[in-house]
Amino acid sequence: MKNRIIILDTTLRDGEQSLKSSLNTKEKIEIALSLEKLGIDILELGFPISSPQEFNSIKEISKIIKNSTICSLARCVEKDIDIAAKAMKSSNNFRIHIFLATSYLHIKSKLQKTFEEIVQLSINAIKIAKKYTDDIEFSCEDAGRTSIDNLCYIVEKLINEGVKTINIPDTVGFTIPSQFGDIIKNLFNRVPNIDKAIISVHCHNDLGMAVANSIAAIQNGAKQIEGTILGIGERAGNTSIEEVCMAIKIRKDLLKFKTNINHKYIYRTSKLVSKICKIKIPSNKAIIGNNAFSHSSGIHQDGIIKNRKNYEIINPESIGIETNRLNLTSRSGRAAIKYKMKEMGYKKEDYDLNQLYDLFIKLADKKGQIFDYDLENLAFLTKEENESHFYKLINYEINFIYSNKSKFLIKFKHGKKTKKIELEFSNNFIYSLIKLFNRTMNINIKICNYEMNIKNKEKKEICSINIKVEYESQKFYEIIEGYDMWEISIKSIFNILNNIKKKERLKKIKLSKVNLNDKRI
Ligand code: KIV
Ligand code: ZN
């Protein structure tokens with residue numbers, strides 16, 4: 001199809017080479033399968049000459065991937081190309097990606113060669129790769145800083161040798177969109193055999209232009225975009241696949257292109273890459289950040305309730321996020337409270353909006369973010385019930401038994417009674433504590449997500465915990481800050497237990513209401 005853009009994902013090559021520690025084969029397989037499901041056309045799996053583990057991972061993934069073309073990187077060196085072909089030989093759909101620098105700076109100061117030698121080395125490498133496959137991609141490394149005359153010259157020669165895909169990388173993220181677009185336009189105007197190859201782009205994000213440069217390139221004739229999930233990659237990273245593919249989808253009115261991406265898998269693929277690569281997604285990250293679909297100010301929340309399009313250009317469900325999130329904070333207005341209550345199934349006559357709003361503002365000032373069950377507690381439980389702590393920490397003691405094992409003695413109030421529990425643990429304190437409560441109370445709370453962050457605030461370390469648990473198919477959240485990591489860990493669990501208790505109490509209230517009012521019973 002004329003307007004179809006091919007997506008090459010290099011999360012496992014350019015992305016992986018930027019991680020603090022490399023991924024093992026199992027982790028790479030998990031990512032590769034998820035990328036295949038996402039609808040990636042070409043999966044760049046790595047640089048097999050770099051290590052035996054890298055070679056082995058590529059070999060294993062090559063046996064599994066069926067729908068995407070797989071690809072491996074090689075320098076213009078015979079051994080690199082042989083090894084790349086060997087690693088992928090169990091697949092009948094593979095590409096060899098060869099690269100060599102073409103900019104004056106790289107040729108002179110990195111490779112100490114002449115431009116003519118670069119052209120010759122490239123031609124020799126293509127001849128070697130052709131023994132294994134017709135699907136050869138050639139990258140003119142640092143093309144963004146290569147003189148346009150040299151670039152046009154080498155591209156013509158490469159296409160004459162039978163290269164099917166010519167990649168134009170902005171290796172150091174130096175160009176700006178109009179300039180990068182012009183490089184592509186020039187290639188189309190000046191290289192006589194340009195229609196015999198696909199022009200690809202590979203943009204780095206040093207000036208934050210990677211996505212914009214890739215879009216400028218397709219507007220000028222490029223047909224393949226390379227990138228990574230979350231935009232991970234050397235230094236400031238690469239073009240973010242989720243961003244560029246959503247830009248193409250959302251602005252199809254202007255761009256008139258299509259990709260093969262299953263947009264519904266964008267969110268889960270990004271989450272998987274974030275988890276496996278241990279890269280936190282910034283909350284304001286476009287498309288997939290936590291705040292990308294959450295609306296905080298009262299005016300925005302009111303606008304969203306009236307019509308989502310007022311403040312949302314992307315439907316969160318379209319990338320696999322179940323619902324949009326109205327972030328209830330002290331900036332929220334009455335409209336948001338009313339909307340949330342309605343969403344939970346309450347009618348306006350079930351509660352007093354003004355009274356609920358006053359209580360909400362007080363709690364939001366203290367707590368930051370307010371969740372559905374907090375609203376229900378405020379609306380239906382009495383002040384005493386809300387304030388009386390079912391579980392309340394009195395104090396705790398730690399004894400370090402061995403270097404990797406500690407014993408905790410936790411003293412707390414449970415209703416009117418004072419109780420003590422003893423907890424021995426070796427690694428994750430929160431998980432061990434939940435396990436202990438599950439066992440002793442015969443319940444089943446599952447931790448879905450747990451994050452602890454330590455920040456330096458005015459020379460004091462402040463610790464915050466963000467935890468999400470599931471209990472009887474319902475999610476409970478807690479966000480808590482403090483100076484003592486152990487204390488806030490225990491408190492976060494107690495707060496969750498208290499919210500579960502309150503929820504159970506609410507259930508009883510609702511049931512008793514039904515019993516009293518329903519004449520048929
Ligand atoms: O950034 C770059 O130039 C590369 C090439 C190997 C494609 O990653
Ligand atoms: Zn790169």
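Tutor: In this predicted model, an N or O atom in the side chain of His202 is 3.1 Å from an oxygen atom of ligand 1, a polar contact being a pair of N or O atoms within 3.5 Å. His204 also places a side-chain N or O atom 3.0 Å from an oxygen atom of ligand 1, and a polar side-chain atom of Arg13 lies 3.0 Å from an oxygen atom of the ligand. Taken alone, ligand 1 exposes 260 Å², of which the protein buries 93% (accessible areas by the Shrake-Rupley method with a 1.4 Å probe).

The shell around ligand 1 includes Asp14, His97, Phe99 and Glu141, where a residue counts if one of its heavy atoms lies within 4 Å. The shell residues divide into two nonpolar, six polar and three charged.

Asp14 lies in helix 1 and His204 in the loop between strand 7 (198-203) and helix 9 (210-219), so the pair ties together parts that are 190 residues apart in sequence. Helices are DSSP runs of H or I with at least four residues, and strands are runs of E with at least two.

Residues are numbered from 1 along each chain, with chains lettered from A and ligands numbered from 1 in the order written. Local features need pLDDT of at least 70, side-chain atom pairs count only at pLDDT 80 or more, and totals for chains, interfaces and linings use all residues, while side-chain values use heavy atoms, without hydrogens and water.

Notes
Polar contact = N/O pair within 3.5 Å; in protein donor to acceptor, adjacent residues only side chain to side chain. Nonpolar A, V, L, I, M, F, W, Y, C, P; charged D, E, K, R; others polar.
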